[in-house]
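Me: I am new to this entry and would like to go through it step by step. Could you show me the structure before I start asking?

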Amino acid sequence: MDRWRGRVALVTGASVGIGAAVAVELVRHGMKVVGCARDVAKIQKLAAECQSAGHPGVLVPFKCDLTKEEEILSMFAAIKEQQKGVDVCINNAGLGHPERLLNGKTGSWKNIIDVNVLALSICTREAYQSMKERNVDDGHIININSICGHQVIPFADLHFYTATKYAVTALTEGLRQELRAENTHIRATSISPGLVATEFISRASSNNPDEVAALYATRKSLQTKDIASAVTYVLSAPPHVQIGELLLEAIQEAAFVAPATPGPGLSSH
């Protein structure tokens, strides 16, 4: 990670969960990290903790509603003015609503698409343009995907979410192909975790808290620090190495028994 020291990374959805863990880990490695979310107060708290810990990098909180393109564009303009531009873009922000295909609310579906697909695509476009105009040829765009981007799990509350994660898989591969066509060494990676210990399942599922607790009791889950480590692993690869897809699952111990009802194996932002 030495070559990234002092470079600028954008982490979306950096207030909690995977995004917060990734942002702190990059600061620990000496990067200037712009962490964005709607709840900027939580990122401000993280920034203060990073400073108190004496990490060599810095976390810059930025309030941004990723469902609004004008706010995303304003954020990139501010990064250009204050930090010159983005060298690493980590598209972490993602959400799910418990809206099934047979009776879900259209507004909720649109909200999921706005964050999981459109915001990711806008941030990717703007990050690439930032790199191109500064002749940055070693940048990296990392999409935090999900196991749900590779298989449809029998968990109806998350079927629409799953569709957006399949889109992320396709968008990442499409991005790699376009970068190759541009003859650039900017890399693109999809990181697809299984079940992660965050609040995502509680928010995205209509299951009651006891059922969610039972899911975690019967399946070993990844920790947010595991995904943060995956990000630094990908960034640490030699410049000529392209890690296109990285799938992560927790190893299930013999003491963990499978739940009677299949639970979601998905990333939890």
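Me: Which residue in β2 is the bridge partner of Thr-12?
Reply: In β2, Thr-12 has Cys-36 as its bridge partner. Strands (E, at least two residues) and helices (H or I, at least four) are DSSP runs, numbered from the N terminus. This is a predicted model, in which local features need pLDDT of at least 70 and side-chain atom pairs count only at pLDDT 80 or more, while totals for chains, interfaces and linings use all residues. Residues are numbered from 1 along each chain as its sequence is written, and side-chain values use heavy atoms, with hydrogens and water left out.

Me: How many bridges join β1 to β2?
Reply: Five bridges join them, and the two strands run parallel. Two strands count as paired if DSSP finds at least two bridges between them. The chain passes from β1 through α1 to β2, and this β-α-β crossover is right-handed. Right-handed means that, with the strands pointing away from the viewer, the path from the first strand over the helix to the second runs clockwise.

Me: And how many bridges pair β1 with β4?
Reply: β1 and β4 pair over three bridges, in the parallel sense. Val-11 has Ile-90 of β4 as its bridge partner.

Me: Is β1 enclosed or open, and why?
Reply: Five of the five residues of β1 are buried, so β1 is largely enclosed by the rest of the structure. Buried means under 20% relative accessible area, exposed over 50%, and partly exposed in between (1.4 Å probe, protein chains only). Val-8, Leu-10 and Thr-12 point one way from the strand, whereas Ala-9 and Val-11 point the other way.

Me: What is the strand order of the sheet?
Reply: The open sheet has seven strands in the order β3-β2-β1-β4-β5-β6-β7, with parallel pairing. β3 (58-63) and β7 stand at the edges with a single partner strand each, so one side of each has no neighbour in the sheet. On average, neighbouring strands are turned by 15 degrees against each other, direction ignored.

Me: Which strands does helix α5 touch?
Reply: Helix α5 (residues 159-181) packs on the sheet and touches β5 and β6, and its direction makes about 160 degrees with that of β6. Contact means heavy atoms within 4.5 Å. Axes are lines fitted to C-alpha atoms, for helices over the stretch in contact, and angles run from 0 to 180 degrees between N-to-C directions. β6 (residues 187-193) is itself joined to β7 by four bridges, and Pro-193 has Leu-248 of β7 as its bridge partner.

Me: Changing topic: which residues touch the most other members of the largest nonpolar core?
Reply: They are Leu-26, Val-33, Ile-90, Ile-191 and Val-231, in a core of 38 residues. A nonpolar core is a set of buried Ala, Val, Leu, Ile, Met, Phe, Trp, Tyr and Cys residues joined through side-chain atoms within 4.5 Å. Elements that supply at least two residues each include β1 (8-12), α1 (17-28), β4 (88-91) and α8 (224-236). α1 gives the most, with seven residues.

Me: What does Val-231 touch?
Reply: Not counting residues up to four places away in sequence, Val-231 touches Val-22, Leu-26, Ile-90, Ile-142, Ile-144 and Ile-191. There is also a second, separate core of 32 residues, which includes Cys-64, Val-115, Ile-122 and Ala-127.

Me: Back to α1. How many of its residues are buried?
Reply: Nine of its twelve residues are buried, so α1 is largely enclosed by the rest of the structure. Among them are Ile-18, Val-22, Glu-25 and Leu-26. Ala-21 also lies in α1, and at 17% relative accessibility Ala-21 counts as buried. Leaving aside neighbours within four places in sequence, Ala-21 is in contact with Thr-224, Lys-225 and Ala-228.

Me: Where is Asn-135 found?
Reply: Asn-135 is in the loop between α4 (106-133) and β5, and at 70% relative accessibility Asn-135 counts as exposed. Its phi is near 60 degrees, a positive value in a residue other than glycine. Most residues other than glycine have a negative phi.

Me: And where is Asn-183?
Reply: Asn-183 is in the loop between α5 and β6. Its phi is positive, near 55 degrees, and Asn-183 counts as exposed at 67% relative accessibility.
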